[in-house]
Amino acid sequence: MWLLDQCQALFNTSSLYGVLGVSKEATDAEIRHSYYKVSLRVHPDRAPEDLQATEKFQVLGKLYAVLSDKEQRAVYDEQGLVAEESDSLQQDQCWEEYWRLLFPKITLEDIQEFERKYKGTEEERQDVMQIYLQHQGNMDAIMASALCCSQEDEPRITALIQTAIQAGELTAYPAFTQESTRKKKTRKHKADEERQEAEERQREMGLNDADDSLVMMLKQKQKSREQNLNSFLSDLEAKYSKGGKAKAGGNGKK
């Protein structure tokens with residue numbers, strides 16, 4: 001399947017810019033920043049419940065490889081085409097390794113600090129509104145996509161969206177305004193089950209402290225991965241990385 005077709009199938013839009021939620025006039029820095037955020041939402045270690053997470057993650061890597069290459073981006077902007085035969089889109093490209101090159105390893109403290117600074121900000125509000133529009137008010141998809149959100153955050157996210165609708169900033173999609181109580185309860189029940197499963201895994205591993213548990217569980221997961229990819233502890237770099245640009249092994253010209 002071609003890249004644009006994959007974008008349509010996985011993200012409901014065939015526009016490379018649409019997937020990232022940016023305009024065609026976006027700067028390189030804006031595209032990079034949006035790639036970070038969207039990648040964080042679908043990272044296989046960040047969204048284990050999403051059966052398509054790995055595929056989405058790989059498609060995002062290809063998408064960014066196109067838009068970060070001046071010549072390939074120019075062709076796409078002018079003709080709406082992607083040079084599928086280019087080296088940067090080769091089938092054996094390891095997009096997880098590509099991610100590692102972009103994001104240096106960070107600590108659990110970095111993650112906690114990020115959440116404290118991100119929640120309640122205008123940036124979070126804008127991100128939530130963008131996700132709301134992308135999913136046309138579907139709260140299941142919104143809560144699955146929003147950064148740093150758990151079931152406990154749903155009332156806050158709901159209130160944020162309602163306020164934006166009342167202010168005329170968002171369209172009142174029926175999927176949101178007319179969501180049934182049964183669907184809300186189902187979403188909460190699923191979240192409770194996932195939390196209980198995580199707690200059971202921690203007990204089976206003999207872990208007690210929440211922070212140590214997260215670190216230990218992720219370290220064990222890392223050992224089993226063929227590419228030894230940094231797990232969720234490296235994902236947060238998606239927001240505030242200040243490192244230099246990395247070169248992907250196969251990022252050639254068309």
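This is a predicted model: local features need pLDDT of at least 70, side-chain atom pairs count only at pLDDT 80 or more; totals for chains, interfaces and linings use all residues.
Buried residues make up 45% of the 254 residues in the chain. Of the contacts with a separation of 6 or more, 70% are accounted for by residues 24 or more positions apart.

Helix 1 spans residues 3-11, and its buried residues are L3, Q6, C7, L10 and F11. These residues cover an arc of only 100° around the axis, which puts them on the same side of helix 1. The elements that cover them include helix 2 (16-20), helix 3 (28-42), helix 4 (53-67) and helix 8. Just after helix 1, N12 takes a positive phi of about 65°. N12 is found in the loop between helix 1 and helix 2. With a relative accessibility of 58%, N12 counts as exposed, because the cut-off for that class is over 50%.

A positive phi also occurs at Q136, where the value is near 50° in a residue other than glycine. Most residues other than glycine have a negative phi. Q136 lies in the loop between helix 8 and helix 9 (139-145). The relative accessible area of Q136 is 49%, and the residue is therefore classed as partly exposed.

Two packed helices are described by the angle between their axes and the distance between the axes. For helix 4 and helix 5 (residues 70-79), the axes come within 6 Å and cross at roughly 95°. The two helices are therefore roughly perpendicular to each other, since angles of 65 to 115 degrees fall in that class. In this contact, A65, V66 and L67 of helix 4 meet Q72, R73 and Y76 of helix 5. By class, the contact of helix 4 with helix 5 has 4 nonpolar, 1 polar and 1 charged residues.

A pair of aromatic rings is described by the distance of the centres and the angle of the planes. The structure holds 5 aromatic pairs. One of these is formed by Y35 and Y36, which are tilted, at 6.4 Å centre to centre and with 40° between the planes. Y35 is buried, with a relative accessible area of 1%, and Y36 is buried as well, at 3%. In the pair of Y132 and Y173, the ring centres are 5.4 Å apart and the planes stand at 45°, so this pair is tilted. The pair links distant parts of the chain, with Y132 in helix 8 (residues 122-134) and Y173 in the loop between helix 10 (154-166) and helix 11, 41 residues apart. Y132 is buried, with a relative accessible area of 0%. Y35 and Y36 also belong to one aromatic cluster together with Y64.

T158 is found in helix 10. Its relative accessible area is 19%, and T158 is therefore buried, the cut-off being under 20%. Leaving aside neighbours within four places in sequence, T158 is in contact with M139 and F176. The C-alpha atoms of T158 and F176 are 9.0 Å apart in space, while the two residues are 18 residues apart in sequence.

M139 is also touched by R187, a residue that lies in helix 12. R187 counts as buried, at 9% relative accessibility.

Q178 is found in the loop between helix 11 (174-177) and helix 12 (181-204). In contrast to the buried R187, Q178 is exposed, with a relative accessible area of 63%. Q178 and G137 are 41 residues apart in sequence, and the distance between their C-alpha atoms is 9.8 Å.

Notes. Residues are numbered from 1 along each chain as its sequence is written. Side-chain values use heavy atoms; hydrogens and water are left out. Helices (H or I, at least four residues) and strands (E, at least two) are DSSP runs, numbered from the N terminus. Buried means under 20% relative accessible area, exposed over 50%, partly exposed in between (1.4 Å probe, protein chains only). Rings of Phe, Tyr and Trp (its six-membered ring) pair if their centres lie within 6.5 Å; planes under 30 degrees apart count as stacked, over 60 as edge-to-face and the rest as tilted. Contact means heavy atoms within 4.5 Å. The arc is that of the directions from the helix axis to the C-beta atoms. Axes are lines fitted to C-alpha atoms, for helices over the stretch in contact, and angles run from 0 to 180 degrees between N-to-C directions. Angles under 35 degrees count as roughly parallel, over 145 as roughly antiparallel, 65 to 115 as roughly perpendicular and the rest as oblique. Ala, Val, Leu, Ile, Met, Phe, Trp, Tyr, Cys and Pro count as nonpolar, Asp, Glu, Lys and Arg as charged, and the others, Gly among them, as polar.
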